[in-house]
Amino acid sequence: AAPGLRMHLAPAKGRSRNVAVPIVDMLFPKGKPYDVPIVAVTGTNGKTTTVRMIANMLRGVGYNVGMTTTDGIYLQNRLIASGDMSGPYSAKVVLRDPMVDCAVLETARGGILREGLGYKMADVGVVLNVQPDHLGLKGIHTIEDLAKVKSVVAEMVRKGGVTVLNGDDEQCVKMADFCREKIIFFSLRPSNTVIQEHIDNERTAVVYDRGFITLVCGESLIPVARAVDMPITLEGRALFNVQNALAAAAVGHAMGLKVEQIRQGLVSFFPSPSQTPGRTNFFTINDFEVMLDYAHNPPAYANIIDLISRLGHNRRLFVFDVVGDRRDEDLRQICRLIASGCHHAIVYEDKQLRGRAPGELLDLVHAAFIDAGFDVDAIERISDESEAIQRALSMAGENDLVCIMSGRVEEVIDILETYQQDGATQITGGEAG
């Protein structure tokens, strides 16, 4: 007759009964979990790849994972909203979904400055690195300022939780002084003094030791997985992804996973457009290769140059843009890095100039390449990204590598998959995409 509780709580006639109590006790039995585990990941570079790697690991042990990334919001690997979803609003979308029983949240600088975290406390907070990026924006002028923003993720960990920090990164190491809960350091260097001191104090670390991701607990060294067995590391050549895997392994240990479960999560994760769109995705077209990556700051470009120098291609051709809200010194450094590792560079100007005058960025890039001693005939300026990609693909020969640095990941993947299907016909004549 009346589906509400009022007739029971305050009847017009008869005894009041608090029926809300048994209803709530039924919905939330005493002793049962009342929230979902949260893993929050921040850092300058590697966030999206690490989030996806952690989510893959947790799905493998039976969790229904909700995930936020700069690519979108995913519920159990199903994309429900595309775009940059690394802020507080996206975190709330995941946390209020009734099907989610574990959340892995990419937590970016912009969202923290704008609205905070989107959650109260995490079970595991991860800081991958703090490197110069977005400096000069929103009152963040130094790397120390940036570290203060990202340290929020390290500090806001629930009682009994774990903070995972990069022992090779000076700013991350400093954050340990403000963390109240257990800390797991990860490092590419087992001899790192920070790691050695941490281990000597009977604490846990994850290190890259003789080709293995290795869990160190006191005097115990437990090999988890070989880097060459993890596709994301490209047979151990992509050291930045080895580092991301170290962080993911640390999270797995913090979440109580067994060593074999962690290993399986790492070796089953592939650098593909489906699992890591825009993160070292490789495409074979005719007799050359194309690599697509989202690198957008000097440290990320340095990682890419280090990787491609190990791959053994004949020539390396770069297609890239420069973003107007970066400092001139950062743009010049990106150009110097590209000049040190490529044979031909094609630059285009992003349609969003972000306060710059038309042609200003192209002039800056051209001058930076000349200052770096790059051959003036090996620099091309093209106005449109699709045309720039088509130009690079038409130039590529046997065993060459075309490196495309782009934030328009989905569009570029569509272009490259079309070229893969159509082959030389598309490359020699016809429009990209």
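Predicted model: local features only at pLDDT ≥ 70, side-chain atom pairs only at ≥ 80, totals over all residues.
**View 1. Thr-233 sits in a loop between a strand and a helix.** The loop that holds Thr-233 runs between strand 11 (220–226) and helix 9 (239–254). With 0% relative accessibility, under the 20% cut-off, Thr-233 counts as buried. Look for the polar atom of the Thr-233 side chain that lies 2.9 Å from the backbone oxygen of Met-230. Beyond its neighbours within four places in sequence, Thr-233 is in contact with Ala-227, Val-228, Ala-238, Asn-241 and Val-242.

**View 2. Val-207 is a buried residue of strand 9 (residues 204–209).** Its relative accessibility is 3%. Follow the chain to Arg-189, 18 residues away, and you will find its C-alpha 6.6 Å from that of Val-207. Leaving out residues up to four places away in sequence, Val-207 touches Ser-187, Pro-190, Ile-195, Phe-212, Ile-213, Thr-214, Val-216 and Leu-246.

**View 3. The second largest pocket holds about 240 Å³ of space.** Helix 7 (170–175), strand 8 (182–187) and helix 8 (193–200) each give at least two residues to the lining of this pocket.

View 4. Buried here are Leu-361, Leu-362, Leu-364, Val-365, Ala-368 and Phe-369. An α-helix has 3.6 residues a turn, so residues three or four places apart point the same way. The packing partners of the buried residues of helix 13 are strand 14 (316–322), helix 12 (328–341), strand 15 (344–349) and strand 16 (379–381). Just past the end of helix 13, Gly-373 adopts a positive phi of about 85°.

**View 5. Helix 15 (residues 409–422) has 14 residues.** From first C-alpha to last, helix 15 reaches 20 Å, close to the 20 Å expected at 1.5 Å a residue. Val-409, Val-412, Ile-413, Ile-415, Leu-416 and Tyr-419 are the buried residues of helix 15. These residues lie on the same side of helix 15, because the arc they cover around the axis is only 160°.

Technical notes: Residues numbered from 1 in each chain as written. Heavy atoms only, no water. Helix = DSSP H or I, 4+ residues; strand = E, 2+ residues; numbered from the N terminus. Buried < 20%, exposed > 50% of the residue type's maximum accessible area, 1.4 Å probe, protein only. Polar contact = N/O pair within 3.5 Å; in protein donor to acceptor, adjacent residues only side chain to side chain. Contact = heavy atoms within 4.5 Å. Expected span 1.5 Å × (residues − 1). Arc of directions from axis to C-beta. 1 Å grid on protein atoms, 1.4 Å probe; cavity = no way out; pocket = protein on both sides within 12 Å on 5 of 7 lines; lining within 4 Å. Points joined across faces, edges and corners; volume = space filled by probe spheres on them.
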